[in-house]
Amino acid sequence: MLIAGFPAGAWGTNCYLVAPAAGEECVIIDPGHQAAQGVEDALRKHRLKPVAVVLTHGHIDHCASVVPVCGAHDVPAWIHPSDRYMMSDPEKALGRSFGAQIMGELTIGEPDDVKELTDGAALELAGMELTVSHAPGHTKGSVTFGLPEAEDIPPILFSGDLLFAGSVGRTDLPGGSHAELLESLGRVCLPLDDSTVVLSGHGSQTTIGQERATNPYLRQVAAGPGEGIASPRRGM
């Protein structure tokens, strides 16, 4: 298994290229702001051929480069239908304006081929199976992507802005809900094995075991109803 990741753009959003091995087909996860050049560099370095772009959610810091990346390689983009509008109207998705400097750098709109994600779907792409889990809270259409344990790797969760090392995604933007995010953490993350590697939308990698032991939000969900924790503001 090959996973090449790098932080991109003004928001340091993690973009991932995932393939069975170097020299094979790959899937691109969350090509965000100013990610296109990093994607091309990683494709050349590892001799990869993209077959699809998949998006954990529709915020512009995760999908700003989806049009040029999909266009350059004639591949579809997958997104949950609840977040699809964000590709064409990113400012509505955030409830505020970026300003002319940032907006001038963005290619707004959808790629030519858009496919919609559904909860529980198993995407057979590039010789791999990505399991989709709908995980609203950060946005209405947030999803995670899971890869099963393989011979040389533990299970992997691409968590988007649901779960970070030590924190969770913000819920104060349009479509956000702290209650929904906590429900998603309990339903999607808590059942996973402690060895599951978490590759999130921002920051460093972690594991479910580490977050189960130390993340105050995951610990709150595991403990059941009780005193709440203030909603964070990490991410877009």
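**Terms and their grounds**

Author: Please note at the outset that the model is predicted.

Reader: Is aspartate 30 buried or exposed, and how do you know?

Author: The relative accessible area of aspartate 30 is 2%. Buried means under 20%, so aspartate 30 is buried. Aspartate 30 is placed in the loop between β3 (25-29) and α1 (36-46). Its phi is also near 60 degrees, again a positive value in a residue other than glycine.

Reader: What makes histidine 59 count as buried?

Author: Histidine 59 has 1% relative accessibility, and the limit is under 20%, so the residue counts as buried. It lies in the loop between β4 (49-54) and α2 (60-63).

Reader: Why is the pair formed by the side chains of histidine 59 and histidine 138 called a polar contact?

Author: A polar contact needs N or O atoms within 3.5 Å, one able to donate a hydrogen and the other to accept it. The side chains of histidine 59 and histidine 138 are joined at 3.1 Å, so the distance meets that limit.

Reader: How many disulfides does a search of the whole structure find?

Author: The search finds 0 disulfides. For cysteine 63, the nearest cysteine sulfur is that of cysteine 70, 10 Å away. A disulfide requires sulfur atoms within 2.5 Å, so cysteine 63 is in none. Likewise, cysteine 70 is in no disulfide, its nearest cysteine sulfur being that of cysteine 63.

Reader: Why are cysteine 63 and cysteine 70 called buried?

Author: Cysteine 63 has a relative accessible area of 3%, and cysteine 70 has 3% relative accessibility. Buried means under 20%, so both residues are buried.

Reader: What makes β1 and β6 edge strands?

Author: The open sheet has 6 strands in the order β1-β2-β3-β4-β5-β6, with mixed pairing. Strands β1 (2-8) and β6 (114-116) each pair on one side only.

Reader: How do you know that β5 and β6 pair?

Author: Pairing needs at least two bridges, and 3 bridges join β5 (residues 77-79) to β6, so these parallel strands pair. Within β6, glutamate 116 is the bridge partner of isoleucine 79.

Terms used
Residues numbered from 1 in each chain as written. Predicted model: local features only at pLDDT ≥ 70, side-chain atom pairs only at ≥ 80, totals over all residues. Heavy atoms only, no water. Helix = DSSP H or I, 4+ residues; strand = E, 2+ residues; numbered from the N terminus. Buried < 20%, exposed > 50% of the residue type's maximum accessible area, 1.4 Å probe, protein only.
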